[in-house]
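Me: I'm new to this one. Can you walk me through it?

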Amino acid sequence: MLRTDTWERVPPGEPTRRVATLPMRLVRHPGQTPASLSALLREHCVDFRSLYRTRAWTLDPGDATHAPAGDAYAVLGWTNSTILRATLSRRLDALNPVAAFRLLEQPEIERIERVSAEYVVLRSRYGYGNEWPPELAGAISGLDVDLWIGPGPTELDGAVALELGTYLQRFAATEFAD
């Protein structure tokens, strides 16, 4: 075993010092509304980005009580349709016409134009590609549209935006560092 403060070996039987971590608060999604979860998410964000580590726990498929499973996604923050429409417009200006039409034909992108909604920005552990798990079906990829105004170069690698109501249905809980 290694001592966490100095990375030196610890002789067996000698106690190690505990590492201080932020206390975590688990908010289960049953009973939450999109508005209540949006308020909680906004409390833990600045400029649409999470201040501290926030995780989204998937549903346990064999449990009818909506218990969190052992699989977690990083919650990077939130965004809304207005921001997505603005970044989509910039993205379309930079694309050739064929690529722009293909992007506009995607159902998730069409929905941005029609509906005013809030989205949770998650980091997918699967990275890039179209082989996403069922809980991310219908999500907007950070590759298609910038999820925030002016993101950093690698800030949104593998990130997706999922509508808040859909997020509440497909994930069991959100864990916030307090």
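Predicted model: local features only at pLDDT ≥ 70, side-chain atom pairs only at ≥ 80, totals over all residues.

Me: What stands opposite A161 besides that?
Reply: V121 stands opposite A161. Strand β6, residues 118-123, pairs with β8 over 5 bridges, in the antiparallel sense.

Me: How many residues of β8 are buried?
Reply: 5 of its 5 residues, so β8 (residues 159-163) is mostly covered.

Me: Which way do they point?
Reply: A159, A161 and E163 point one way, and V160 and L162 point the other way. In a regular strand, side chains alternate between the two faces of the sheet.

Me: E163 is charged. What does it form a salt bridge with?
Reply: R111. The closest N and O atoms are 2.8 Å apart. R111 sits in helix α4 (residues 107-114) and E163 in strand β8, so the pair ties together parts 52 residues apart in sequence. R111 is partly exposed, at 31% relative accessible area.

Me: How many salt bridges does the structure hold?
Reply: It holds 3. One of them joins R42 and E118, with the closest N and O atoms 2.2 Å apart. That pair links distant parts of the chain: R42 is in helix α1, E118 is in strand β6, and 76 residues separate them.

Me: What does E175 form a salt bridge with?
Reply: E175 pairs with R55, and the closest N and O atoms are 2.9 Å apart. E175 lies in strand β9 (residues 171-177) and R55 in strand β4 (residues 54-59), so parts 120 residues apart in sequence are tied together. E175 is buried at 13%, while R55 is partly exposed at 22%.

Me: How far is V27 from E175?
Reply: In sequence, 148 residues. In space, 6.0 Å from C-alpha to C-alpha. V27 is in strand β1, residues 24-28. V27 is buried, with a relative accessible area of 8%.

Me: Which residues does V27 touch?
Reply: Leaving out residues up to four places away in sequence, V27 touches Q32, L40, A172, A173, T174 and F176.

Me: Now the surface. What makes the nonpolar patch?
Reply: V46, L51 and Y52 make a nonpolar patch of about 290 Å². V46 lies in strand β2, residues 45-46. V46 is partly exposed, at 46%.

Me: Zoom out. How many helices and strands are there?
Reply: The protein has 5 helices and 9 strands. Buried residues make up 37% of its 178 residues. The accessible surface comes to about 10300 Å², and 55% of that belongs to carbon and sulfur atoms.

Me: And contacts between residues at least 6 apart in sequence: what share join residues at least 24 apart?
Reply: 73% of them.

Methods. Residues numbered from 1 in each chain as written. Heavy atoms only, no water. Patch = residues over 30% accessible without salt bridge, like charges linked within 9 Å, V, L, I, M, F, W, Y side chains within 5 Å. Areas by Shrake-Rupley, 256 points an atom, 1.4 Å probe, with all protein chains shown as cover. Salt bridge = Lys/Arg side-chain N within 4 Å of Asp/Glu carboxyl O. Helix = DSSP H or I, 4+ residues; strand = E, 2+ residues; numbered from the N terminus. Buried < 20%, exposed > 50% of the residue type's maximum accessible area, 1.4 Å probe, protein only. Pairing = 2+ DSSP bridges. Contact = heavy atoms within 4.5 Å.
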